Amino acid sequence: MLTAQVVFATITGNNEDIADIVTEKLEELGCQVTETEISQTDATDLQAADICVVCPYTYDQGALPDEGLDFYEDLQALDLTGKVYGVAGSGDTFYGDDYNVSVDKFAAAFQQAHATAGAPDVKINLSPDQADVQRLDAFAQQLVTSCQKH
Ligand SMILES: Cc1cc2nc3c(=O)[nH]c(=O)nc-3n(C[C@H](O)[C@H](O)[C@H](O)COP(=O)(O)O)c2cc1C
């Protein structure tokens, strides 16, 4: 059975909703999933999963979640060779060039850790709508397919 860890950072709940949607779909696809909040997560926990997912919010001018900075630093220093990763986050298009920058930053951190992108990053505006749920379901499906091929 494939294992997955889905880590979210949230203030108002949107990214927890995204993490819940991805978790539910991964479970439906037969994965054993652990879903955790970022400040309660040790980055090394990811080494036990086949699929690693992060769902982060973006704050002031493209800033990472404060409570996720330790996790972010530790993630970059890991060796996740052979793991499949995905990043799906919610921001707000109101912030223009800073829209969902945390998604890009976490994707870069996974690259730095030598993990393999299992699906294109997903950027969601505010709370996920029906179309976003479909995008997230497709994202989860792609992660599983990539992992099986890997
Ligand atoms: C003070 C403040 C600054 C923000 N800055 C950004 C930003 O730079 N880029 C962005 O995409 N969203 C920004 N947002 C929007 C949040 O990322 C967005 O509301 C997101 O859905 C929050 O996720 P959460 O519900 O999981 O906390 C900002 C929100 C607040 C309140």
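## Terms and basis of the model

A residue is called buried if 20 or more other C-beta atoms lie within 10 Å of its own, exposed if 12 or fewer do, and partly exposed in between, with C-beta atoms placed from the backbone. By this rule Leu126, with 13 C-beta neighbours inside 10 Å, counts as partly exposed.

The structure is a predicted model, in which local features need pLDDT of at least 70, side-chain atom pairs count only at pLDDT 80 or more, and totals for chains, interfaces and linings use all residues. Residues are numbered from 1 along each chain as its sequence is written.

## Confidence

The predictor's confidence in each residue is given as pLDDT, from 0 to 100. The chain has a mean pLDDT of 98, and 100% of its residues reach 70 or more. Confidence is lowest in helix H4 (residues 130–149), with a mean of 97, and highest in strand E3 (residues 51–55), at 99.

## Overall architecture

The chain contains 4 helices and 6 strands. These elements are DSSP runs numbered from the N terminus: helices are H or I runs of at least four residues, and strands are E runs of at least two. Their order from the N terminus is β-α-β-β-α-β-α-β-β-α.

The radius of gyration, taken over C-alpha atoms, is compared with a globule rule of 2.2 Å times the number of residues to the power 0.38. For 150 residues a compact globule would have a value near 15 Å, and the chain agrees with this at 14 Å. The C-alpha trace spans about 40 × 35 × 25 Å along its principal axes. Of the 150 residues, 47% are buried.

Two residues are in contact if their C-beta atoms, placed from the backbone, lie within 7 Å. Among contacts between residues at least 6 apart in sequence, 81% join residues at least 24 apart.

The expected span of a helix is 1.5 Å times one less than its number of residues. For the 15 residues of H1 this gives 21 Å, in agreement with the 21 Å between its end C-alpha atoms. The buried residues of H1 include Asn14, Asn15, Asp17, Ile18 and Leu26. Among the elements that cover the buried residues of H1 are strand E1 (3–8), strand E2 (32–37) and H4. Gly30, which follows H1, has a positive phi near 100 degrees.

H3 has 12 residues and should span 16 Å; its end C-alpha atoms are 17 Å apart, which agrees. Its buried residues are Val101, Ser102, Val103, Phe106, Ala109 and Phe110. They pack against E3, helix H2 (69–77), E4 and E6.

## The surroundings of the ligand

A residue is near a molecule if its C-beta atom, placed from the backbone, lies within 6 Å of it. The ligand is surrounded by 20 residues, of which the closest are Thr10, Thr12, Asn14, Asn15 and Gly91. Helix H1 (14–28) and strand E4 (84–91) each supply at least two residues of this shell.

The shell is made up of 6 nonpolar, 11 polar and 3 charged residues. In this division Ala, Val, Leu, Ile, Met, Phe, Trp, Tyr, Cys and Pro count as nonpolar, Asp, Glu, Lys and Arg as charged, and the others, Gly among them, as polar.

## Residues in the loops

Gly68 is placed in the loop between E3 and H2. Gly68 counts as buried, with 23 C-beta neighbours inside 10 Å. Neighbours within four places in sequence aside, Gly68 is in contact with Ala9, Ile38, Ser39 and Pro56.

Asp121 occupies the loop between strand E5 (116–117) and strand E6 (122–125). With 16 C-beta neighbours inside 10 Å, Asp121 counts as partly exposed. Beyond its neighbours within four places in sequence, Asp121 is in contact with Val87, Val103 and Ala107.

His114 lies in the loop between helix H3 (101–112) and E5. It is exposed, having 12 other C-beta atoms within 10 Å. Its phi is near 65 degrees, a positive value in a residue other than glycine. Leu126, in the loop between E6 and H4, is also a residue other than glycine with a positive phi, near 55 degrees.
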